[in-house]
Amino acid sequence: MRPTAIRRTAVAATVMSLALLTAACGSDADTADKDNGKAGASASAKPADTAGAKALGAAELEKVSLAQGDVKGHKITKAGPADAVTGDAVTADKAACDVFADALMGAKSGKPAASTQRKVVSEPKKGGDKESDDPAEAFKAAFDITTTLTTLASYDGKGAEEALAGLRTAATECASGFTLTAAGSKQKITKIAEVPVKGAEEAVAWTVTVEAEGEKSAMKLIQLRQGTTLASLTSLNLGASGAGGDFDLPTAVIDAQAGKLA
(Lines give C-alpha, C1' and ligand atoms only; values in the text may rest on other atoms or scores of the structure.)
Protein backbone atom coordinates (compact mmCIF):
# COMPACT_ATOMS: atom_id res chain seq x y z
CA MET A 1 0.00 0.00 0.00
CA ARG A 2 1.33 3.43 -0.90
CA PRO A 3 2.03 5.94 1.90
CA THR A 4 -0.67 8.28 0.59
CA ALA A 5 -3.22 5.47 0.79
CA ILE A 6 -2.09 4.69 4.32
CA ARG A 7 -2.52 8.31 5.31
CA ARG A 8 -6.04 8.37 3.87
CA THR A 9 -6.89 5.20 5.79
CA ALA A 10 -5.45 6.64 8.98
CA VAL A 11 -7.42 9.83 8.59
CA ALA A 12 -10.64 7.97 7.85
CA ALA A 13 -10.14 5.78 10.88
CA THR A 14 -9.07 8.41 13.38
CA VAL A 15 -10.26 11.87 12.42
CA MET A 16 -13.59 11.69 14.23
CA SER A 17 -12.13 10.01 17.30
CA LEU A 18 -9.36 12.60 17.43
CA ALA A 19 -11.83 15.44 16.99
CA LEU A 20 -13.97 14.17 19.83
CA LEU A 21 -11.03 13.43 22.09
CA THR A 22 -9.54 16.86 21.40
CA ALA A 23 -12.88 18.53 22.03
CA ALA A 24 -13.11 16.64 25.30
CA CYS A 25 -9.78 18.02 26.50
CA GLY A 26 -11.42 20.79 28.50
CA SER A 27 -11.79 21.11 32.24
CA ASP A 28 -14.20 22.72 34.62
CA ALA A 29 -11.53 22.70 37.32
CA ASP A 30 -11.54 26.51 37.44
CA THR A 31 -15.27 26.50 38.04
CA ALA A 32 -14.83 23.81 40.64
CA ASP A 33 -12.21 25.94 42.39
CA LYS A 34 -14.73 28.76 42.67
CA ASP A 35 -17.60 26.54 43.74
CA ASN A 36 -15.58 24.57 46.26
CA GLY A 37 -13.63 27.08 48.28
CA LYS A 38 -13.86 24.85 51.34
CA ALA A 39 -11.66 21.78 51.24
CA GLY A 40 -13.23 18.37 51.62
CA ALA A 41 -11.71 15.23 53.11
CA SER A 42 -7.96 14.84 52.80
CA ALA A 43 -6.55 12.71 49.99
CA SER A 44 -5.44 10.03 52.47
CA ALA A 45 -8.83 9.69 54.14
CA LYS A 46 -10.61 6.88 52.31
CA PRO A 47 -13.37 5.52 54.58
CA ALA A 48 -14.51 1.96 53.90
CA ASP A 49 -18.16 2.98 54.19
CA THR A 50 -18.81 5.86 51.81
CA ALA A 51 -22.48 6.35 52.71
CA GLY A 52 -21.76 9.55 54.65
CA ALA A 53 -18.34 10.31 53.18
CA LYS A 54 -17.51 13.77 51.91
CA ALA A 55 -16.16 14.46 48.47
CA LEU A 56 -12.65 15.78 48.00
CA GLY A 57 -12.63 19.52 47.47
CA ALA A 58 -11.03 21.14 44.44
CA ALA A 59 -7.67 21.66 46.15
CA GLU A 60 -7.49 18.04 47.34
CA LEU A 61 -8.50 16.76 43.93
CA GLU A 62 -5.69 18.76 42.32
CA LYS A 63 -3.21 17.05 44.64
CA VAL A 64 -4.24 13.58 43.47
CA SER A 65 -4.41 14.54 39.79
CA LEU A 66 -1.53 13.54 37.54
CA ALA A 67 1.27 16.06 37.04
CA GLN A 68 4.34 16.24 34.81
CA GLY A 69 6.89 13.72 36.06
CA ASP A 70 4.35 11.28 37.48
CA VAL A 71 4.53 8.96 34.46
CA LYS A 72 7.93 8.26 32.94
CA GLY A 73 8.05 8.80 29.19
CA HIS A 74 4.84 10.81 29.11
CA LYS A 75 3.98 14.49 28.82
CA ILE A 76 1.20 15.61 31.17
CA THR A 77 -0.66 18.90 30.85
CA LYS A 78 -3.83 20.40 32.28
CA ALA A 79 -6.72 20.32 29.84
CA GLY A 80 -7.90 23.79 28.87
CA PRO A 81 -11.37 25.07 29.77
CA ALA A 82 -12.20 26.41 26.30
CA ASP A 83 -13.10 23.04 24.78
CA ALA A 84 -14.83 21.43 27.75
CA VAL A 85 -17.51 18.89 26.87
CA THR A 86 -20.52 18.55 29.15
CA GLY A 87 -23.01 15.74 29.33
CA ASP A 88 -25.56 17.94 27.57
CA ALA A 89 -23.26 18.13 24.53
CA VAL A 90 -23.00 14.33 24.24
CA THR A 91 -25.97 12.25 23.12
CA ALA A 92 -26.56 8.64 22.10
CA ASP A 93 -29.17 7.13 19.83
CA LYS A 94 -30.00 4.70 22.64
CA ALA A 95 -30.95 6.25 25.98
CA ALA A 96 -29.30 3.41 27.89
CA CYS A 97 -25.97 4.32 26.31
CA ASP A 98 -25.92 8.00 27.30
CA VAL A 99 -23.82 7.49 30.42
CA PHE A 100 -21.23 5.44 28.51
CA ALA A 101 -21.04 8.03 25.74
CA ASP A 102 -20.46 10.75 28.35
CA ALA A 103 -17.59 8.85 29.95
CA LEU A 104 -15.98 8.01 26.62
CA MET A 105 -15.95 11.69 25.64
CA GLY A 106 -14.61 12.88 28.99
CA ALA A 107 -17.86 14.45 30.22
CA LYS A 108 -18.35 14.15 33.96
CA SER A 109 -21.01 11.79 35.27
CA GLY A 110 -23.78 13.17 37.48
CA LYS A 111 -23.01 16.18 39.67
CA PRO A 112 -19.56 15.86 41.23
CA ALA A 113 -18.46 18.30 43.90
CA ALA A 114 -15.22 18.96 42.01
CA SER A 115 -13.43 17.71 38.91
CA THR A 116 -10.12 18.00 37.05
CA GLN A 117 -8.80 16.87 33.67
CA ARG A 118 -5.35 16.07 32.36
CA LYS A 119 -4.04 15.17 28.92
CA VAL A 120 -1.34 12.50 29.05
CA VAL A 121 0.66 11.79 25.89
CA SER A 122 3.27 9.06 25.55
CA GLU A 123 6.60 10.04 24.02
CA PRO A 124 7.45 8.45 20.64
CA LYS A 125 9.48 5.29 20.98
CA LYS A 126 13.12 5.51 19.97
CA GLY A 127 13.65 4.29 16.45
CA GLY A 128 10.00 4.76 15.55
CA ASP A 129 10.91 7.27 12.87
CA LYS A 130 13.16 4.84 10.97
CA GLU A 131 12.06 3.84 7.51
CA SER A 132 10.59 0.39 6.91
CA ASP A 133 10.08 -1.64 3.75
CA ASP A 134 6.44 -2.00 4.82
CA PRO A 135 4.74 1.45 4.71
CA ALA A 136 1.92 0.27 7.00
CA GLU A 137 4.40 -0.86 9.65
CA ALA A 138 6.39 2.35 9.23
CA PHE A 139 3.27 4.44 9.84
CA LYS A 140 2.30 2.39 12.88
CA ALA A 141 5.79 2.69 14.38
CA ALA A 142 6.09 6.42 13.73
CA PHE A 143 2.72 7.18 15.29
CA ASP A 144 2.82 4.69 18.15
CA ILE A 145 1.69 7.43 20.53
CA THR A 146 -1.07 6.93 23.08
CA THR A 147 -3.05 9.96 24.22
CA THR A 148 -5.09 9.61 27.41
CA LEU A 149 -7.65 12.07 28.69
CA THR A 150 -7.89 11.60 32.47
CA THR A 151 -10.91 13.00 34.30
CA LEU A 152 -11.16 12.96 38.10
CA ALA A 153 -14.49 13.64 39.79
CA SER A 154 -15.29 13.58 43.50
CA TYR A 155 -18.74 12.89 44.94
CA ASP A 156 -20.43 13.01 48.31
CA GLY A 157 -21.65 9.77 49.84
CA LYS A 158 -21.93 6.88 47.40
CA GLY A 159 -22.01 9.06 44.30
CA ALA A 160 -18.80 7.61 42.85
CA GLU A 161 -19.95 4.04 43.45
CA GLU A 162 -23.32 4.74 41.87
CA ALA A 163 -21.74 6.45 38.86
CA LEU A 164 -19.47 3.46 38.25
CA ALA A 165 -22.31 0.99 38.71
CA GLY A 166 -24.38 2.90 36.16
CA LEU A 167 -21.49 2.84 33.70
CA ARG A 168 -21.07 -0.92 34.09
CA THR A 169 -24.75 -1.41 33.35
CA ALA A 170 -24.56 0.82 30.29
CA ALA A 171 -21.52 -1.05 28.96
CA THR A 172 -23.39 -4.34 29.22
CA GLU A 173 -26.59 -3.06 27.64
CA CYS A 174 -24.71 -1.29 24.82
CA ALA A 175 -22.09 -3.96 24.14
CA SER A 176 -23.37 -4.48 20.58
CA GLY A 177 -22.91 -0.80 19.74
CA PHE A 178 -24.64 2.55 19.35
CA THR A 179 -24.12 5.93 17.72
CA LEU A 180 -23.08 8.96 19.73
CA THR A 181 -22.94 12.62 18.83
CA ALA A 182 -20.47 14.99 20.50
CA ALA A 183 -19.29 18.45 19.54
CA GLY A 184 -21.52 18.21 16.47
CA SER A 185 -19.82 15.05 15.16
CA LYS A 186 -21.31 11.57 14.97
CA GLN A 187 -19.34 8.51 15.99
CA LYS A 188 -20.44 4.93 15.45
CA ILE A 189 -19.54 2.52 18.24
CA THR A 190 -19.74 -1.06 16.97
CA LYS A 191 -18.58 -3.04 20.02
CA ILE A 192 -17.77 -2.67 23.71
CA ALA A 193 -15.66 -5.46 25.26
CA GLU A 194 -14.46 -5.57 28.86
CA VAL A 195 -10.73 -6.17 29.40
CA PRO A 196 -8.83 -7.01 32.62
CA VAL A 197 -7.41 -4.13 34.66
CA LYS A 198 -6.24 -3.61 38.23
CA GLY A 199 -6.06 -0.56 40.46
CA ALA A 200 -7.79 1.33 43.28
CA GLU A 201 -10.75 -0.11 45.20
CA GLU A 202 -12.66 -0.76 41.99
CA ALA A 203 -11.35 -0.93 38.46
CA VAL A 204 -12.89 -1.78 35.11
CA ALA A 205 -11.82 -1.21 31.51
CA TRP A 206 -13.23 -1.68 28.03
CA THR A 207 -11.98 -1.76 24.47
CA VAL A 208 -14.37 0.33 22.38
CA THR A 209 -14.44 -0.38 18.64
CA VAL A 210 -15.17 2.74 16.59
CA GLU A 211 -16.08 2.86 12.91
CA ALA A 212 -15.65 5.91 10.70
CA GLU A 213 -16.04 5.92 6.92
CA GLY A 214 -15.87 2.14 6.83
CA GLU A 215 -12.62 1.95 8.81
CA LYS A 216 -12.43 0.54 12.33
CA SER A 217 -10.22 1.69 15.18
CA ALA A 218 -10.03 1.15 18.91
CA MET A 219 -10.34 3.35 21.98
CA LYS A 220 -9.93 2.40 25.63
CA LEU A 221 -12.11 3.50 28.53
CA ILE A 222 -10.83 2.84 32.05
CA GLN A 223 -12.55 3.57 35.35
CA LEU A 224 -10.87 3.64 38.76
CA ARG A 225 -12.75 4.31 41.99
CA GLN A 226 -10.99 5.11 45.25
CA GLY A 227 -13.34 6.14 48.03
CA THR A 228 -15.46 9.05 46.86
CA THR A 229 -13.32 9.79 43.80
CA LEU A 230 -13.82 8.35 40.31
CA ALA A 231 -11.07 8.49 37.69
CA SER A 232 -12.13 8.09 34.06
CA LEU A 233 -9.46 7.56 31.40
CA THR A 234 -10.09 7.58 27.65
CA SER A 235 -7.17 6.49 25.44
CA LEU A 236 -6.43 6.53 21.72
CA ASN A 237 -3.31 5.32 19.91
CA LEU A 238 -2.65 7.00 16.56
CA GLY A 239 -0.55 4.25 15.03
CA ALA A 240 -2.92 1.44 16.01
CA SER A 241 -5.95 3.38 14.80
CA GLY A 242 -4.32 4.18 11.48
CA ALA A 243 -3.48 0.51 10.98
CA GLY A 244 -6.98 -0.58 12.00
CA GLY A 245 -5.63 -2.49 15.01
CA ASP A 246 -5.86 -2.62 18.77
CA PHE A 247 -3.37 -1.38 21.39
CA ASP A 248 -2.49 -2.09 25.01
CA LEU A 249 -4.04 -0.37 27.98
CA PRO A 250 -1.96 2.61 29.18
CA THR A 251 -0.86 0.67 32.27
CA ALA A 252 1.81 3.17 33.31
CA VAL A 253 -0.81 5.94 33.39
CA ILE A 254 -3.33 3.71 35.18
CA ASP A 255 -0.79 2.67 37.83
CA ALA A 256 0.34 6.26 38.39
CA GLN A 257 -3.21 7.53 38.81
CA ALA A 258 -4.21 4.67 41.09
CA GLY A 259 -1.11 5.32 43.17
CA LYS A 260 -1.94 8.99 43.67
CA LEU A 261 -5.51 8.13 44.66
CA ALA A 262 -4.45 5.48 47.19
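Colleague: What covers the buried residues of H8?
Modeller: This is a predicted model, so take it as such. The cover over the buried residues of H8 includes strand E1 (74–78), E3, E4, strand E8 (215–226) and E9.

Colleague: And which residues of H8 are buried?
Modeller: Val 253, Ile 254, Ala 256, Gln 257, Ala 258 and Leu 261.

Colleague: Back up a bit. How many helices and strands are there in the protein?
Modeller: Eight helices and nine strands.

Colleague: What share of the residues counts as buried?
Modeller: The protein has 262 residues, and 48% of them count as buried.

Colleague: What about the accessible surface? How much belongs to carbon and sulfur atoms?
Modeller: The accessible surface comes to about 12,100 Å². Carbon and sulfur atoms hold 51% of that.

Colleague: And contacts? What percentage join residues at least 24 apart?
Modeller: Take contacts between residues at least 6 apart in sequence. Of those, 70% join residues at least 24 apart.

Colleague: Which residues lie nearest the centre of the largest pocket?
Modeller: Ser 122, Lys 125, Asp 144, Thr 146 and Asn 237.

Colleague: Now cavities. How many of 30 Å³ or more does a search of the whole structure find?
Modeller: Two. The largest cavity holds about 130 Å³ of space.

Colleague: Which elements give two or more residues to the lining of the largest cavity?
Modeller: Helix H4 (98–104), E4, helix H6 (159–173) and strand E9 (229–237).

Colleague: Which residues lie nearest the centre of the largest cavity?
Modeller: Ala 107, Ser 109, Gln 223, Leu 230 and Ser 232. In total, 14 residues line the largest cavity.

Colleague: And how do those residues divide? How many are charged?
Modeller: One is charged. Eight are nonpolar and five are polar.

Methods
Residues are numbered from 1 along each chain as its sequence is written. This is a predicted model: local features need pLDDT of at least 70, side-chain atom pairs count only at pLDDT 80 or more; totals for chains, interfaces and linings use all residues. Side-chain values use heavy atoms; hydrogens and water are left out. On a 1 Å grid over the protein atoms alone, a cavity is a set of points where a 1.4 Å probe fits but cannot get out, and a pocket is an open set with protein on both sides within 12 Å along at least five of seven lines; lining residues have an atom within 4 Å of a point. Helices (H or I, at least four residues) and strands (E, at least two) are DSSP runs, numbered from the N terminus. Buried means under 20% relative accessible area, exposed over 50%, partly exposed in between (1.4 Å probe, protein chains only). Contact means heavy atoms within 4.5 Å. Accessible areas come from the Shrake-Rupley method with a 1.4 Å probe; for residues, only the protein chains shown count as cover. Grid points are joined across faces, edges and corners, and a volume is the space filled by probe spheres set on the points. Ala, Val, Leu, Ile, Met, Phe, Trp, Tyr, Cys and Pro count as nonpolar, Asp, Glu, Lys and Arg as charged, and the others, Gly among them, as polar.
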